[in-house]
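Q: I'd like to learn how to read helix packing in a model. Can we walk through a case together?

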Amino acid sequence: MTRSVETIHDPTIDIYISAVLGRKARQVVVLDVKALTTVADTFIICSARSNRQVTAIAEYIAIELKKQDKKVLSIEGRKEGHWVLMDYGDVIIHVFLEPLRSFYDLEGLWIEARRVTTEALIKYNQQESQD
């Protein structure tokens, strides 16, 4: 199977994207999985260069989304700092230590999912490509 090349725009997840980008998460990918699973509608996948940064990103996301009245249903892996999974119901955020992201390859596992883009993600991608 090949990855869907169709990109959809979803401004409703900008709040989540902005929280993820607040602590310099890397390689942010947003997948629309609602047609593929009942677990969630959207996966946000990002990376960090160190265990400490994985934990810092996850903590920042939780604080920022709480300010926006978004309540986390579950957080797994925060203590270890290798792979933090944050379940917000319709949106699940995965924060990976870079080598583990390659190993687990969620993008490959969900290859049929459509890629999602938002205004915040477009700006981020433009800045990352300039760095």
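A: Axes are lines fitted to C-alpha atoms, for helices over the stretch in contact, and angles run from 0 to 180 degrees between N-to-C directions. Helices (H or I, at least four residues) and strands (E, at least two) are DSSP runs, numbered from the N terminus. This is a predicted model, where local features need pLDDT of at least 70, side-chain atom pairs count only at pLDDT 80 or more, and totals for chains, interfaces and linings use all residues. Residues are numbered from 1 along each chain as its sequence is written, and side-chain values use heavy atoms, with hydrogens and water left out.

Q: At what angle do the axes of H1 and H2 cross?

A: Two packed helices are described by the angle between their axes and the distance between the axes. Here the axes of H1 (residues 14-21) and H2 (residues 51-67) cross at roughly 140° and come within 8 Å. That makes H1 oblique to H2 (under 35 degrees is roughly parallel, over 145 roughly antiparallel, 65 to 115 roughly perpendicular, the rest oblique).

Q: Which residues of H1 and H2 meet?

A: Contact means heavy atoms within 4.5 Å. From H1, Ile15, Tyr16, Ala19 and Val20 meet Ile57, Tyr60, Ile61, Glu64 and Leu65 of H2. Eight of the contact residues are nonpolar, none polar and one charged (Ala, Val, Leu, Ile, Met, Phe, Trp, Tyr, Cys and Pro count as nonpolar, Asp, Glu, Lys and Arg as charged, the others, Gly among them, as polar).

Q: How many helices and strands does the protein chain have?

A: Five helices and seven strands, running β-α-β-β-α-β-β-β-α-α-β-α from the N terminus.
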